[in-house]
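Trainee: I'd like a close look at one helix pair here. Please set it in the context of the whole chain.

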Amino acid sequence: MNENWFRENLKRVGATQEDLAKAIGRDRAVVSRVIRGRQALNLEWAEPFARVLQVPVSAVLRQAGLALEPAPTRRIIVGISGATGVEYGVRLLNLLKQLEIESHLVMSRAAEIAMTQETDYKPREIATQADKYYHINDVAAAIASGSFKTMGMIIAPCSIRSMSEIASGATSNLLTRAADVVLKERRRLVLMVRESPLHGGHLRNMARLSDLGAIIAPPMPAFYPRPKSLEEMVDHGLGRVLDLFDLETAGLQRWGEDIGLR
Ligand SMILES: Cc1cc2nc3c(=O)[nH]c(=O)nc-3n(C[C@H](O)[C@H](O)[C@H](O)COP(=O)(O)O)c2cc1C
């Protein structure tokens, strides 16, 4: 209980402990005990106290030591760009749902083309799997601003074109703008860059992004968990990416724990 804060605010608004007592229908001795920290503040008194002191209820709760910590932001931006392996982005939406993480999806035009070419998914159906979907040209969207808090962004898969644009900082659509915002806010940016082979320009852009704080995590399958399907292989790769956000994916096979040497 911050006694000084209550006394200063009573003085500021020209009110007395008697006024607080009247507001909660108790006598002044109760208010005096509460302010001196001898008696706990009843939660129902926070609102009348706030009214008399002309402050937000949250301020009364905080000064009485009753404020709850704000819930951590549990949302991740998912970018799907036009590299092969759009399945990674689709499965990622699924895993985020299981983890109860709010997903904010943006897909490039080339991603929609690749999706139609290499899967039976319809881009419009995939859009409905995210908690929030944004059009690639909607540069006024929430995720285009750093004031919209997120845990970060995963681009799965990430094309060389999008990766190069993010490395340059001269972004031309919402996917690359959102990534640039994540970088400037020093949040986590993971790029599942997919291309092979790579020339020096690609590699230099990756090194540049890594220097800026991004994590380059190409979709390189691991064989040690002995995946029995493409889905298991994709999920293992995504589980390792979600590890980077301290998110525990159910069923992720870990070397030295579930498999391998002990
Ligand atoms: C089926 C398909 C597969 C592609 N695979 C890749 C790839 O693996 N890596 C890549 O960098 N570009 C790939 N491309 C080319 C990109 O889609 C193209 O460079 C596009 O301009 C990327 O735009 P975006 O970054 O806005 O998605 C592929 C295109 C298609 C249609």
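Is the crossing of α9 and α11 left-handed or right-handed?

Mentor: The crossing of α9 and α11 is left-handed. First, the ground rules. This is a predicted model, in which local features need pLDDT of at least 70 and side-chain atom pairs count only at pLDDT 80 or more, while totals for chains, interfaces and linings use all residues. Residues are numbered from 1 along each chain as its sequence is written, and side-chain values use heavy atoms, with hydrogens and water left out.

Now the geometry of your pair. Two packed helices are described by the angle between their axes and the distance between the axes. Helix α9 covers residues 160–168, and helix α11 covers residues 200–212. Their axes lie 9 Å apart, and the packing angle is about 50°. This makes α9 oblique to α11. Axes here are lines fitted to C-alpha atoms, for helices over the stretch in contact, with angles from 0 to 180 degrees between N-to-C directions. Under 35 degrees counts as roughly parallel, over 145 as roughly antiparallel and 65 to 115 as roughly perpendicular; the rest is oblique.

Look at the side chains next. From α9 come I160, M163, S164, I166 and A167. They meet H202, N205, M206, R208 and L209 of α11. Contact means heavy atoms within 4.5 Å. By class, this contact holds six nonpolar residues, three polar and one charged. Nonpolar covers Ala, Val, Leu, Ile, Met, Phe, Trp, Tyr, Cys and Pro; charged covers Asp, Glu, Lys and Arg; the others, Gly among them, are polar.

Two cis peptide bonds belong in the picture. One joins A156 and P157, with omega of about -5°. P157 sits in strand β4, residues 152–158. Another joins S196 and P197, again with omega of about -5°. P197 lies in the loop between β5 (188–193) and α11.

Now step back. The protein has twelve helices and six strands. These are DSSP runs, numbered from the N terminus: helices are H or I with at least four residues, strands are E with at least two. The chain divides into domain 1 (3–63) and domain 2 (75–243), with bounds from an automatic or database domain assignment. The C-alpha centres of the two domains lie 50 Å apart. The radius of gyration is 26 Å, whereas a compact globule of 262 residues would have one near 18 Å. That radius is taken over C-alpha atoms, and the globule rule is 2.2 Å times the number of residues to the power 0.38. Along the principal axes, the C-alpha atoms fill a box of roughly 80 × 50 × 35 Å.

Helix α2 (residues 17–24) and α4 have axes that come within 9 Å and cross at roughly 140°. That makes α2 oblique to α4. The crossing of α2 and α4 is right-handed. D19, L20, A23 and I24 of α2 meet P48, F49, V52 and L53 of α4. The tally for this contact is seven nonpolar, no polar and one charged. Phi of Q54 is near 55°, a positive value in a residue other than glycine.

Definitions and conventions. A crossing is left-handed if the near helix is turned anticlockwise from the far one by less than a right angle, and right-handed if clockwise.
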